[in-house]
Amino acid sequence: MSPFLFAIGMEYLSRCLSLLGKSKEFKFHPRCKKIDLTHLMFADDLLMFAKGDDASVSLLFEAFSKFSAASGLEANMMKSELYLAGVPESVALSILAKIGIPRGFFPFRYLGVPLSTKKLSFTDCKPLIEKTVARVKSWSAKLLSYAGRLQLIRSVLFGIQLYWCQIFIMPKKVLKEIQRICRCFLWIGAEGNSRKALIAWDQLCLPKICGGWNLKDLPLWNKLAVAKHCWDLSLKADKLWVKWIHTYYVKHNDFWTMPIPNGLSWSLKKIWQQRETLSSSGDLQKFVTAGKFKIQRMYNHLRHQGESVGWKRIFCNSHASPKSVFIVWLALQDRLATKERLRRWNVIADSVCCLCHSTDESRDHLFFDCSYSADIWNQVLQRSGIHRTAGTWNEEVQWVQKASRSTRSKARMCNSLFCETVYSIWLARNSKVFSNQLDNSLSIVNRILFRVACNS
């Protein structure tokens, strides 16, 4: 069936159910009468509401049967469920026997999320965690760089849970578990437990100018995403759920100053409690664009910024490959697993540089005090038309940092040359350590210049 014909059919079903309100025998659900609500529909999912008595439920299903007879579309009764609350057990059994539909219990899943009148538990959120773990396991066998994993976390793993975060205040235990899964995937490429994080997760969530990767702080984002509902409630937006809440709870009160109403479900109480978050943020119009409240703007306003780092332009404005930029980011903070650091952790005993065999392998020695790496950097500079010789790590960082302030093509080239050279030297070092193979400097220089030319 085409989408247009399906929409016409659903319109007929909607009218059949809406006409029930005119029947004297039909009684609305106690929380639906004031807005004449008999059903909610999304695509082929249908929720129908009525008072828990034989007559009302029978009329509801008669209206659906009328639609089925006219359209030929029938519901699968074994995949449908009847939810009853606040009725005697004898009445419930009578309705179930007459309708022939299995009885359902809260919580149940609708549109991918659990619907519950109680506080969301860790068990209720297990499908979300399992989905996240399944994605990670499907990627674990692939050879992904740090930058590749970071992009998957940002675009896929966070995207999975952001849908839930815009509906509920998630339990802290759930957010911590999702954060743990993402952290382990980034640093070891798998879902299991690990203590090999080179950088704290809180720093990854900082803006780039503060030395982070601008990942979302999940608890804060969750809190602000739910707070957005307060904005909708305060404006009495033309949405059914807002109309329903104003009819039964807000009534003629001021949403911002009224006390939290009695009888609210746990999720609605959490929405009401976010009024303080919005009120403490000052003028809310600064978070509004074209009449729409922007979560990202408020998130940028409230999140922890940290202190700006001096080398921010090296990786913020870089046109080098993402994997080389990530390695440079680690090197700038001296978090690469050089032999000197491994010796301090009592992982290895020998910390001599495997490229020149002259002194301990620290970051400053590896880039660019080592004769092997200095030769590579000098060749790269010479063949690129840059008239200078390799200095110490701090001197080269200051030089690239100054060059990165400009947007000219030569400045961008200097930045790319630095990032690709650091990355290539690190690859050469790993090749020597783990495979006992080392390419000559000319081959490495040619690869560096080729990658820079491709990215320019």
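Arginine 363 is buried, at 12% relative accessibility. Its salt-bridge partner is aspartate 364, with the closest N and O atoms 2.9 Å apart. Aspartate 364 is partly exposed, at 30% relative accessibility. The model is predicted.

**Salt bridges**

The structure holds 11 salt bridges. Three of them are tabulated here.

| Salt bridge | Closest N and O atoms |
|---|---|
| Glutamate 11 and arginine 15 | 3.0 Å |
| Aspartate 364 and arginine 363 | 2.9 Å |
| Arginine 451 and glutamate 420 | 2.9 Å |

The bridge between arginine 451 and glutamate 420 links distant parts of the chain: arginine 451 sits in helix α20 (residues 441-455), glutamate 420 in helix α19, and 31 residues separate them. Glutamate 420 counts as buried because its relative accessible area is 0%, under the 20% cut-off.

Glutamate 11 and arginine 15 both belong to helix α1 (residues 3-18). They are 4 residues apart, about one turn of the helix. Glutamate 11 is partly exposed, with a relative accessible area of 40%. Arginine 15 is exposed, at 55%.

**Nonpolar cores and a surface patch**

Nonpolar side chains tend to be buried together in soluble globular proteins. The largest nonpolar core here has 114 residues. Met170, Trp329 and Phe418 touch the most other members. Helix α5 (residues 146-165) gives the most to this core, 11 residues. Another core lies apart from it, with 21 residues, including Leu13, Phe26, Leu60 and Leu96.

What does phenylalanine 418 contact, beyond neighbours within four places in sequence? The list is Ile314, Val328, Phe368, Trp377, Trp393, Glu396, Val397 and Val400.

On the surface, Phe42, Leu111, Tyr163 and Ile167 form a nonpolar patch. Together they have about 350 Å² of accessible area. Phenylalanine 42 lies in strand β1 (residues 39-42).

**Helix packing**

Helix α18 (residues 393-403) has these buried residues: Trp393, Glu396, Val397, Trp399, Val400, Gln401 and Ala403. They pack against α13 (312-316), α14 (322-332), α16 (363-369), α17 and α19 (409-435).

Helix α17 (residues 371-383) holds glutamine 379. Glutamine 379 is buried, with a relative accessible area of 18%. Leaving out residues up to four places away in sequence, glutamine 379 touches Ser441, Leu442 and Val445.

In helix α9 (residues 240-250), the buried residues are Val242, Ile245, His246, Tyr248, Tyr249 and Val250. They pack against α8 (218-235) and α10 (266-273). Lysine 251 follows α9, and its phi is positive, near 55°.

**Aromatic pairs**

The count comes to 30 aromatic pairs. Tyrosine 83 and phenylalanine 106 form a tilted pair, 5.5 Å centre to centre with 45° between the planes. This pair links distant parts of the chain, 23 residues apart. Tyrosine 83 is in the loop between α2 (54-71) and α3 (89-99), and phenylalanine 106 in the loop between α3 and β3 (108-110).

Phenylalanine 106 also pairs with phenylalanine 108. That pair is tilted too, at 5.4 Å centre to centre and 50° between the planes. Phenylalanine 106 is partly exposed, at 46%. Phenylalanine 108 is buried, at 14%.

Elsewhere, ring pairs link Tyr146, Trp187, Trp213, Trp311, Phe315, Phe326 and Trp329 into a cluster.

Key: Residues are numbered from 1 along each chain as its sequence is written. This is a predicted model: local features need pLDDT of at least 70, side-chain atom pairs count only at pLDDT 80 or more; totals for chains, interfaces and linings use all residues. Side-chain values use heavy atoms; hydrogens and water are left out. A nonpolar core is a set of buried Ala, Val, Leu, Ile, Met, Phe, Trp, Tyr and Cys residues joined through side-chain atoms within 4.5 Å. Buried means under 20% relative accessible area, exposed over 50%, partly exposed in between (1.4 Å probe, protein chains only). Helices (H or I, at least four residues) and strands (E, at least two) are DSSP runs, numbered from the N terminus. Contact means heavy atoms within 4.5 Å. Patches are made of residues with over 30% relative accessible area and no salt bridge: like charges are joined within 9 Å, nonpolar side chains (Val, Leu, Ile, Met, Phe, Trp, Tyr) within 5 Å. Accessible areas come from the Shrake-Rupley method with a 1.4 Å probe; for residues, only the protein chains shown count as cover. A salt bridge is a side-chain nitrogen of Lys or Arg within 4 Å of a carboxyl oxygen of Asp or Glu. Rings of Phe, Tyr and Trp (its six-membered ring) pair if their centres lie within 6.5 Å; planes under 30 degrees apart count as stacked, over 60 as edge-to-face and the rest as tilted.
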